[in-house]
Amino acid sequence: MALRSESHDMEGTVENVNLFFNYGLPLLLLVAAYFIGSFIEKRHFASIRKREDKLHGYPVVSFDTMPDDWQVSSSDMVTGSIVISLDYFKRVIAGLRGLIGGRIKTYEPLLERARREALLRMTESAREQGYDAVFNVRLETSRLANAARDGKGTAGVEMLAFGTAVKFASRFG
Amino acid sequence: MDVSNSSIVISNTESIPGRNIVEFYGVVTGNTVRAKHVGRDIMAGLKNIVGGELRGYTELLQDSRNEATDRMVEQAKSMGANAVVNVRFATSSISQGAAELFAYGTAVRVA
């Protein structure tokens, strides 16, 4: 009798461990990913806003020809890029959303911050190299790898911003 | 972008600002196929849980793109060009672990 109950207890423990690995761990990851992911996103947006303020007034335009009053002495191409991924929690939400269709809100801030970060890096590199403005700015998005439907796998997105940086001979003629 | 070949000017516009194109040499291309580093991939996999920038990949793609651009510039140089205009980039993921970075433009002589 005693022997049987002991083995029964063991079975129970094994079952609990299995239960933990099958459901508890993903749930724990989900909760952790939600909090850490949100924190990282908030911090990133704060940093983007701060750096954008610093670059306020620096001309970055998407015209493919320069305004007539820009007298240019030299130019070069500048780029800025970032690879960014969604946190586990938001990926799962997006996956669920994919079932019913409609707007996937969790992806929107991801792409927005990637785009703004890429633009910032491009602009910062142009300014560091002593250029006065960037024109013909283009943005490109490419998916880095497959994000499996269950939310696993690398859901990396690369955002690339590039444009032609110019130095003014004399600002506005 | 750090392009070591400073004698060649590159631009994604149809001409080099402030200069005139005197001769066209045709399309020049440069590509590179890169695979991910195992260590970086593990780190990226961990980072993938909490989201945010995958710095290893950003660097990897940046380096690769510079290499592709350098190759394009080398080709332009060998043709006798001193500038590459209308530069475009393309990325394609070939397999799960590898990506092709591709740069192309038109080699020209500007004066």
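Which residue of β3(B) is the bridge partner of A:Ser85? The partner is B:Gly52. The model is predicted: local features need pLDDT of at least 70, side-chain atom pairs count only at pLDDT 80 or more, and totals for chains, interfaces and linings use all residues. Residues are numbered from 1 along each chain as its sequence is written, and chains are lettered from A and ligands numbered from 1 in the order in which they are written.

**Between the chains**

Strand β1 of chain A (residues 71–85) runs antiparallel to β3(B), and two bridges join them. Strands (E, at least two residues) and helices (H or I, at least four) are DSSP runs, numbered from the N terminus. Two strands pair if DSSP finds at least two bridges between them.

In total, 28 residues of chain B are in contact with 40 residues of chain A; contact means that C-beta atoms, placed from the backbone, lie within 7 Å. On the side of chain B that touches chain A, α1(B) gives the most, with six residues.

Four strands of chain B form an open sheet with mixed pairing, in the order β1-β4-β5-β2. β1 and β2 (21–35) of chain B stand at the edges with a single partner strand each, so one side of each has no neighbour in the sheet. β1(B) pairs with β4(B) in the parallel sense over two bridges, and B:Val9 stands opposite B:Ala83 in β4(B).

**The nonpolar core**

A nonpolar core is a set of buried Ala, Val, Leu, Ile, Met, Phe, Trp, Tyr and Cys residues joined through C-beta atoms within 7 Å. A residue is buried if 20 or more other C-beta atoms, placed from the backbone, lie within 10 Å of its own. The largest core has 51 residues; A:Ala118, A:Met122, A:Val134, A:Ala161, B:Ala83 and B:Val84 touch the most other members. Both chains supply residues to this core, including at least two each from α3 of chain A and β4 of chain B. Neighbours within four places in sequence aside, the contacts of B:Val84 include B:Ile8, B:Met72 and B:Ala107.

Notes
Contact = placed C-beta atoms within 7 Å. Buried ≥ 20, exposed ≤ 12 C-beta atoms within 10 Å, placed from the backbone.
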